[in-house]
Amino acid sequence: MGRKARVSTTIVALMQAGERHAWTLEALQAGLAARGEPADFSSIFRATEKLAAERTIRKMLLEDGRARYELADSHHDHLHCTTCDALIPVPCVIRAGASAALEAEIGVAIDEHQLVFSGLCPKCRGDEAPRRRGRSPARK
Ligand SMILES: [Zn+2]
Ligand SMILES: [Zn+2]
């Protein structure tokens, strides 16, 4: 296997191992190095662009401007944790038929969507629960 193909194969293997849900280029670089396949950013970037073009993986651009990559499996949306920067999968809440209704209403054609909620992941929410718990927190 050529070096380029090894980088691509290792990226897919890392994602399939599932130790994190979505990967930044930095996380992929660390993961590749940990698997004995160190690669520079441009090699990793080219591999992810190719895998995304082939629709093996999905590229997501977040408001922080950093791309996240994940396997292009079944549709789901995400929560971006404002504390730890994790990207957590969440089930899609767009009702069946909502896209068709929008298309009819505003005259567009919708192929797909990616919703990104921002807030706290379960772990960070647990850490901060005392501050956020309750609808009307007592203020002193
Ligand atoms: Zn995802
Ligand atoms: Zn969705």
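This is a predicted model: local features need pLDDT of at least 70, side-chain atom pairs count only at pLDDT 80 or more; totals for chains, interfaces and linings use all residues.
Biologist: How many residues does the contact take from each domain, domain 1 and domain 2?

Modeller: Look at the side of domain 1 that touches domain 2. The contact as a whole takes 6 residues from domain 1, and from domain 2 it takes 7 residues.

Biologist: On to the helices. Are H2 and H3 roughly parallel or roughly perpendicular to each other?

Modeller: Helix H2 spans residues 25-34 and helix H3 spans residues 41-53. Their axes come within 10 Å and cross at roughly 110 degrees. Angles of 65 to 115 degrees count as roughly perpendicular. H2 and H3 are therefore roughly perpendicular.

Biologist: How many charged residues are in the contact of H2 with H3?

Modeller: H2 brings Leu25, Leu28, Gln29 and Leu32 to the contact, while H3 brings Phe41, Ile44 and Phe45. These residues divide into 6 nonpolar and 1 polar. For the charged class, the number in the contact of H2 with H3 is none.

Biologist: Is the crossing of H1 and H3 left-handed or right-handed?

Modeller: Helix H1 takes in residues 3-17, and its axis is 9 Å from that of H3. The packing angle is about 70 degrees. That makes H1 roughly perpendicular to H3. As for its hand, the crossing of H1 and H3 is right-handed.

Biologist: Which residues in H3 meet H1?

Modeller: Start on the H1 side, with Lys4, Val7, Ser8, Ile11 and Val12. By class, the contact of H1 with H3 has 6 nonpolar, 3 polar and 2 charged residues. In H3, the residues that meet H1 are Ser43, Ile44, Ala47, Thr48, Lys50 and Leu51.

Biologist: And which residues of H2 make the contact with H1?

Modeller: H1 and H2 pack at about 100 degrees, with their axes 10 Å apart. That makes H1 roughly perpendicular to H2. On the H1 side, the contact is made by Val7, Thr10, Ile11 and Leu14; on the H2 side, by Leu28, Gly31 and Leu32.

Biologist: Now the strands. Which residue takes a positive phi in the hairpin of S1 and S2?

Modeller: Strand S1 (residues 57-61) and strand S2 (residues 67-71) pair in the antiparallel sense over 5 bridges. Ile57 has Leu71 in S2 as its bridge partner, and Met60 stands opposite Arg68. The hairpin has 5 residues between the strands. A positive phi near 80 degrees is taken by Gly65.

Biologist: Which strands stand at the edges, each with a single partner strand?

Modeller: The open sheet has 3 strands, with mixed pairing, in the order S4-S3-S5. One side of each edge strand is left without a neighbour in the sheet, because each has a single partner strand. The edge strands are S4 (87-90) and S5 (116-119).

Biologist: What is the bridge partner of His78 in S5?

Modeller: Strand S3 covers residues 77-81. S3 and S5 run parallel, joined by 4 bridges. In S5, the partner of His78 is Val116.

Methods
Residues are numbered from 1 along each chain as its sequence is written. Chains are lettered from A and ligands numbered from 1 in the order in which they are written. Two strands pair if DSSP finds at least two bridges between them. Helices (H or I, at least four residues) and strands (E, at least two) are DSSP runs, numbered from the N terminus. Two residues are in contact if their C-beta atoms, placed from the backbone, lie within 7 Å. Axes are lines fitted to C-alpha atoms, for helices over the stretch in contact, and angles run from 0 to 180 degrees between N-to-C directions. Angles under 35 degrees count as roughly parallel, over 145 as roughly antiparallel, 65 to 115 as roughly perpendicular and the rest as oblique. Ala, Val, Leu, Ile, Met, Phe, Trp, Tyr, Cys and Pro count as nonpolar, Asp, Glu, Lys and Arg as charged, and the others, Gly among them, as polar. A crossing is left-handed if the near helix is turned anticlockwise from the far one by less than a right angle, and right-handed if clockwise.
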